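Hi everyone, thanks for making time.

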Amino acid sequence: MPASFDDAVEMMKALAEPTRFRLVLLVSEQDLTVSDLTAILGQSQPRISRHLKLLVEAGVVDRHQEGSWAYFRLSDRPLAGRLVHSLKDNVGGDDSALSQDRERLTAVRRERAERAASYFARNAEHWDRIRSLHVPDADVERALMTALASAGRFEAHLDVGTGTGRMLELLAPFSERAIGVDASREMLAIARAKLDAAGVTQATVRQGDVYRLPGPRGSFDLVTLHQVLHYLDDPAAAVRECAGALRPGGRLAVVDFAPHALEFLRAEHAHLRLGFSEAALRHWMHRAGLVVETLKTLPPHDDEAGRLTVTVIVGRRPTETSNELADAESALAVA
């Protein structure tokens, strides 16, 4: 919906102050904390916090709480984005204050990347062992992209349990904006560093709960659950919550393991479920109000007996005028 006249005036008033304008230019690049912004601008924390409060109240900047930290980013409101990006495109890059801000932002990014790399290195053996148990990630990603190809572009993408942000990066060329949600602050730090290194600017990540997703219901064209369900005590409830985040015509893509007997994944790697049958995945999709559009299994190669099969399933929320859901429920009842 178009912004009101009063909203537009408040946004322009909030931007018409030097420090606030500098802050908005910075948070339009990536998520930053008050501490980050204090270090970059060289101003006191109370002063920075006061300016950020005004920007949030005006609808120019969004604030996301992550444990004891709060991250700030350019608002998703269309008018805020258009105003700020227009100003960025038309302001000269030779201003000394703005040049210094960019240099210090680069230093913040470098520090984040180093912390993320250190954490990733400490846990790389764990992730590499899991990846070695199934077909290559490239094959899985190719199957997912093929399953989503008919959808074209997505205005809004939500990646649940985003981890390192790989799904956000993979789907960035097809998404106008994207949000990644994860419960782990360490994983969010990695995701921010990786998205920044990949030049993905339309995606943001935040701490959140798979059973209580951010944003109004029915606001996303695509929701992805990539290798998440096996960590959850109630995967059916997670599927329902993700389905509720979809607009009519929107898609939920789930990637996870087929049933297996590798008990060490439960004992050593916190897998609560040892895979899911096609029937269970289809059932959860239907009960969440979705029509299964595609389902593909990726078994291990011939020389990899005993390893894991990966399932890629995509469900679509029918439009209000569609009879697809009733047809699907009838078929489910017969089955």
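So, in what order do the seven strands of the open sheet come? Reading across, they go E6-E5-E4-E7-E8-E10-E9, and the pairing is mixed. Keep in mind that this is a predicted model. At the edges you find strand E6, residues 203–207, and strand E9, residues 291–298; each has a single partner strand, so one side of each has no neighbour in the sheet. From one strand to the next, the twist averages 15°.

Let's zoom in on one pair. Strand E4, residues 154–160, runs parallel to strand E7, residues 220–226, and four bridges join them. If you want a spot to look at, His157 stands opposite Leu222 in E7.

Now the packing. The largest nonpolar core has 30 residues, and Leu158, Val160, Val223, Leu225, Leu229 and Leu252 have the most contacts inside it. Which element gives the most to this core? That's helix H10, with five residues. Take Leu229: leaving out residues up to four places away in sequence, its contacts include Pro235, Val254, Phe276 and Trp284. There's also a second, separate core of 27 residues, with Ala14, Leu15, Leu52 and Leu79 among them.

On to charges. Side chains of opposite charge can pair when their charged atoms come close. How many salt bridges does the structure hold? The count is 21. One of them joins the side chains of Asp31 and Arg192, at 3.6 Å from N to O. Asp31 sits in the loop between H2 and strand E1, while Arg192 is in helix H9, so this pair ties together parts 161 residues apart in sequence. Are these two buried or exposed? Asp31 counts as buried at 4% relative accessibility, and Arg192 is buried too, at 8%.

Here's another kind of pair. Glu169 and Arg166 form a salt bridge, with the closest N and O atoms 3.7 Å apart. Both lie in helix H8, three residues apart, which is about one turn of the helix. Glu169 is partly exposed at 29% relative accessibility, and Arg166 is partly exposed at 32%.

Arg316 is in strand E10 and Glu293 in strand E9, 23 residues apart.

How values were computed:
Residues numbered from 1 in each chain as written. Predicted model: local features only at pLDDT ≥ 70, side-chain atom pairs only at ≥ 80, totals over all residues. Heavy atoms only, no water. Pairing = 2+ DSSP bridges. Helix = DSSP H or I, 4+ residues; strand = E, 2+ residues; numbered from the N terminus. Axes fitted to C-alpha atoms, helices over the stretch in contact; angles between N-to-C directions. Core = buried A, V, L, I, M, F, W, Y, C linked by side-chain atoms within 4.5 Å. Buried < 20%, exposed > 50% of the residue type's maximum accessible area, 1.4 Å probe, protein only. Contact = heavy atoms within 4.5 Å. Salt bridge = Lys/Arg side-chain N within 4 Å of Asp/Glu carboxyl O.
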